[in-house]
Amino acid sequence: MAGERSPAGRAALLPAGRETGRGGGGGGPADFVALLPPEVSSRIFSDLDVESLCHAAVTCKGWHRVIESDDRLWRHHCLSVRAVCQREIDCDRGNGYSWKITLLRNYWKSKVKQEWLSGKYSNIPSQNSLPEKSMYPMDADTWGEILEAELER
């Protein structure tokens with residue numbers, strides 16, 4: 001019952017065998033994904049940014065299962081990336097890629113493309129002045145968009 005003390009002196013708030021995360025013997029907190037309904041866990045994961053979501057997906061099998069099975073988590077982030085990479089996202093989705101794969105294929109490209117389109121690199125005196133992560137393999141159409149934006153500045 002809630003509030004009762006276990007032999008170890010901890011409050012017995014969890015069902016027997018669910019006191020700890022892995023294997024029940026580590027003394028760590030319980031795995032919330034194992035305790036909550038999948039829709040609640042998905043709602044919690046939906047607040048993560050893309051990089052955190054990817055890290056969470058490799059934390060343990062339970063988290064991986066919930067994150068991988070909820071296409072809405074990836075769709076939300078993918079639609080945000082689409083604001084910068086609409087042609088690329090629409091092409092990947094049209095080719096049958098999942099929301100997750102589409103996002104992973106276009107996430108870093110969208111970051112770099114957004115920086116170029118916003119003019120962050122408009123007044124760079126030489127290639128040596130570019131930050132290390134300012135480049136990403138992009139197709140001719142993408143570079144055309146970037147050059148067009150530069151000409152309009």
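Buried means under 20% relative accessible area, exposed means over 50%, and partly exposed lies in between (1.4 Å probe, protein chains only).

**Ground rules.** I am reading a predicted model, where local features need pLDDT of at least 70, side-chain atom pairs count only at pLDDT 80 or more, and totals for chains, interfaces and linings use all residues. Residues are numbered from 1 along each chain as its sequence is written, and side-chain values use heavy atoms, with hydrogens and water left out.

**Overall.** I looked up the secondary structure and found eight helices and zero strands in the protein chain. Helices (H or I, at least four residues) and strands (E, at least two) are DSSP runs, numbered from the N terminus. Of the chain's 153 residues, 27% count as buried.

**Helix α5.** I went to residues 71–82, a helix of twelve residues that reaches 16 Å from its first C-alpha to its last, close to the 16 Å expected at 1.5 Å a residue. That expected span is 1.5 Å times one less than the number of residues. Which residues of α5 are buried? I noted Leu73, Trp74, His77, Cys78 and Val81. They cover an arc of only 120 degrees around the axis, so they sit on the same side of α5. The arc is that of the directions from the helix axis to the C-beta atoms.

**Val40.** I found Val40 in helix α2 (residues 38–45). Val40 counts as partly exposed, at 35% relative accessibility.

**Cysteines.** I checked for disulfides (pairs of cysteine sulfur atoms within 2.5 Å), and the structure holds zero. Cys54 is partly exposed at 28% relative accessible area, and Cys91 is partly exposed at 44%.
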